[in-house]
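Welcome, and thanks for taking a look.

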Amino acid sequence: MSIRPGLAGAFPLAVLLLPAFSWAGDDADEKLFRKVMARILSTDLARKEYPDKYVWPPKHFIKPDSVKELNAYATASEKLGAEFDSASGKIRPVVMITEGYLKNVVKGNENVLAAIMGHEFAHLTRDHVGGRKGETLLLLLAFSRDDEIEADLDGVRYAVAAGYPYK
Ligand SMILES: [Zn+2]
């Protein structure tokens, strides 16, 4: 996409900015992320263990403009992207990964991504994300060691239910 400075005002800001922040691997990472999340969310196990208090399915996305961040998270905080659904009166929580994590850690390995996203999804099903209203942004992202062990164990269950190899 080429843009002459004189045309800038004619386009929405997002259209102008998005190509500038992309790199060669982002389309492949986006496809891989969607595939892994679709596989995990389509399992009976994931659906069955998802808390009634949240809207199904959780939002799931690659954090925009995050190529320098190494992170993945699960949250029910509206500050971090969860949405209140007025029709049901429930929150739709979020599982998210950064572009940097995909590029530098996952590196196109679908099994690795399934383990990571299974882990994040487990933070929702075990409701580690609930009841944290009023805490700081940092605390909203910090789970206890027990929570992390639990999410590791359940994350493997979700990945295996979705057909990924146990490792
Ligand atoms: Zn965790």
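**A first look**

Strands β1 and β5 are paired in the parallel sense, with five bridges between them. Please keep in mind that this is a predicted model. The protein chain holds seven helices and five strands, and along the sequence they come in the pattern α-α-α-β-β-β-β-β-α-α-α-α. Of the 167 residues in the protein chain, 29% are buried. Among contacts between residues at least 6 apart in sequence, 75% join residues at least 24 apart.

**The sheet**

- An open sheet is formed by three strands in the order β1-β5-β2, and its pairing is mixed.
- β1 and β2 (72-75) are the edge strands; each has a single partner strand, so one side of each has no neighbour in the sheet.
- From one strand to the next, the twist averages 15°.
- While β1 and β5 are parallel, β2 and β5 run antiparallel and are joined by four bridges.
- Met-96 of β5 is a handy landmark: Tyr-73 has Met-96 as its bridge partner, and Phe-61 stands opposite Met-96 as well.
- Another bridge to look for links Thr-75 with Val-94 in β5.
- Helix α4 lies across β1, β2 and β5, and runs at about 60° to β5.

**Strand β5, buried or exposed?**

- Five of the five residues of β5 are buried, so the strand is largely enclosed by the rest of the structure.
- Val-94, Met-96 and Thr-98 point one way from β5, whereas Val-95 and Ile-97 point the other way.
- Residues pointing either way from β5 are buried.

- Helix α2 covers residues 26-41, and its 16 residues should span 22 Å at 1.5 Å a residue; the end C-alpha atoms are 22 Å apart, which agrees.
- Which residues of α2 are buried? They are Asp-29, Phe-33, Val-36, Met-37, Arg-39 and Ile-40.
- Looking down the axis of α2, you would find these buried residues within an arc of 160°, so they line one face of the helix.
- Asp-27, Ala-28, Lys-31 and Ala-38 are exposed on the other side of α2.
- The buried residues of α2 are covered by several elements, including the helices α3 (44-49), α4 (99-106), α5 (110-125) and α7 (145-161). The strands β1 (59-63) and β5 (94-98) are also among the elements that cover them.

**The nonpolar core**

- In soluble globular proteins, nonpolar side chains tend to be buried together.
- Here, the largest nonpolar core has 32 residues, and those touching the most other members are Ile-40, Ile-97, Ala-114, Met-117 and Phe-121.
- At least two residues of this core come from each of α2, β2, β5, α4, α5 and α7.
- Which element gives the most to this core? That is α5, with eight residues.
- Leaving aside residues up to four places away in sequence, Ala-114 touches Val-36, Ile-40, Ala-159, Ala-162 and Tyr-164.

**Backbone details in the loops**

- Most residues other than glycine have a negative phi, and most peptide bonds are trans.
- Trp-56 and Pro-57 are joined by a cis peptide bond, with omega about -10°. Pro-57 sits in the loop between α3 and β1.
- Asp-65 has a phi near 50°, a positive value in a residue other than glycine. Its place is in the loop between β1 and β2.
- Asp-65 is partly exposed, as 13 other C-beta atoms lie within 10 Å.
- Asp-127 also has a positive phi, near 55°, and is found in the loop between α5 and α6 (137-141).
- Asp-127 counts as partly exposed, with 15 C-beta neighbours inside 10 Å.

Terms used. Residues are numbered from 1 along each chain as its sequence is written. This is a predicted model: local features need pLDDT of at least 70, side-chain atom pairs count only at pLDDT 80 or more; totals for chains, interfaces and linings use all residues. The expected span of a helix is 1.5 Å times one less than its number of residues. A residue is buried if 20 or more other C-beta atoms lie within 10 Å of its own, exposed if 12 or fewer, and partly exposed in between; C-beta atoms are placed from the backbone. The arc is that of the directions from the helix axis to the C-beta atoms. Two residues are in contact if their C-beta atoms, placed from the backbone, lie within 7 Å. Two strands pair if DSSP finds at least two bridges between them. Axes are lines fitted to C-alpha atoms, for helices over the stretch in contact, and angles run from 0 to 180 degrees between N-to-C directions. A nonpolar core is a set of buried Ala, Val, Leu, Ile, Met, Phe, Trp, Tyr and Cys residues joined through C-beta atoms within 7 Å.
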